[in-house]
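Here are some notes to read beside the model. Take them one point at a time.

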Amino acid sequence: MAQSISIVLVLALALLAFAPLCFCGKTSGGYLYPQFYDRSCPKAQEIVNSIVAKAVAKEARMAASLLRLHFHDCFVKGCDASILLDSSGSIITEKSSNPNRNSVRGFEVIDKIKSALEKECPKTVSCADIMALAARDSTVIAGGPSWEVPLGRRDSRGASLSGSNNNIPAPNNTFQTILTKFKLQGLDVVDLVALSGSHTIGNARCTSFRQRLYNQSGNGQPDSTLQQSFAAQLRTRCPRSGGDQNLFFLDFVSPTKFDNSYFNNILASKGLLSSDQVLLTKNEASMELVKKYAENNELFFEQFAKSMVKMGNISPLTGSRGEIRKSCRKINA
């Protein structure tokens, strides 16, 4: 009897010794870990990085587009590549939602990566993981921080147009609405401010901030929290009507460099979107974070990396749930 108890104890201790390996990437949806493809597709990360690097070299804006694609995917049913599905059969694409229509881009880059990975190791690497890796690589290529991406997500067999319309924060949402949308995903105010810092690269369309220039609160007056000469400059290319698709840098100081100048712009009342500026004006905790990140680039980079891992862990499909799509645009037959 004593012998069998000691055997059980030895086994239990042996299992405990390996526990950190198993639980390092525990999420509510299962297990994700950076080494997921080390055996099944060892060149996966190298292939993703190479194609992302070429795409960003060709068009600097693509870094922000790929980063945003991952964000808009994760906020709807988790990081499951539902945003990549085109409409077919019972699936109504998320690409036609208000936050995504004429706005999200980078699909061809994801297609190119998927095609290269299918040649290298068929039916192995998910579209959801491709997006998580592409977001990290885009950040690094633009001069931002790096992080180990937990992997092992699988792809959804459906999309949610209503989820896309309701869950993704909008540029004119109030601070409280934006924070609530983050909290619904298990993210907090620190994640909100750090992830908003991704607006250090990329563009926004005139239609996303026009109300700030002409009629912020329905009284025919511009937004008083927007620096006046900056607003006047924006009006030259963002008229009261027309010019909806005209593009503006989110961070006019260093528009293609991933750095903390976004936060310094906000402190100077030159945040482009209302959702940028409210981080300073509507909440004390977020105001303190804006000041900290404006002062300390390293601190911003560190938190951005942590928050990206946290966002990438939102409700992944793992194990036998979902599938590994052959084409990112449609579910397997």
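1. Start with a term. Contact means heavy atoms within 4.5 Å. Leaving aside neighbours within four places in sequence, phenylalanine 230 is in contact with Phe252, Lys270 and Gly271.

2. Know what you are looking at. This is a predicted model, where local features need pLDDT of at least 70, side-chain atom pairs count only at pLDDT 80 or more, and totals for chains, interfaces and linings use all residues. Residues are numbered from 1 along each chain as its sequence is written, and side-chain values use heavy atoms, with hydrogens and water left out.

3. Now place the residue. Phenylalanine 230 sits in helix H10, residues 228-235. Helices (H or I, at least four residues) and strands (E, at least two) are DSSP runs, numbered from the N terminus.

4. Is phenylalanine 230 buried or exposed? Phenylalanine 230 is buried, at a relative accessible area of 5%. Buried means under 20% relative accessible area, exposed over 50%, and partly exposed in between (1.4 Å probe, protein chains only).

5. Look along H10. Its buried residues are Phe230, Ala231 and Leu234. Seen down the helix axis, they fall within an arc of 100 degrees, so they line one face of H10. The arc is that of the directions from the helix axis to the C-beta atoms. An α-helix has 3.6 residues a turn, so residues three or four places apart point the same way.

6. Check both sides. Gln228 and Gln233 are exposed on the other side of H10. The cover over the buried residues of H10 includes helix H9 (210-214) and strand S4 (247-249).
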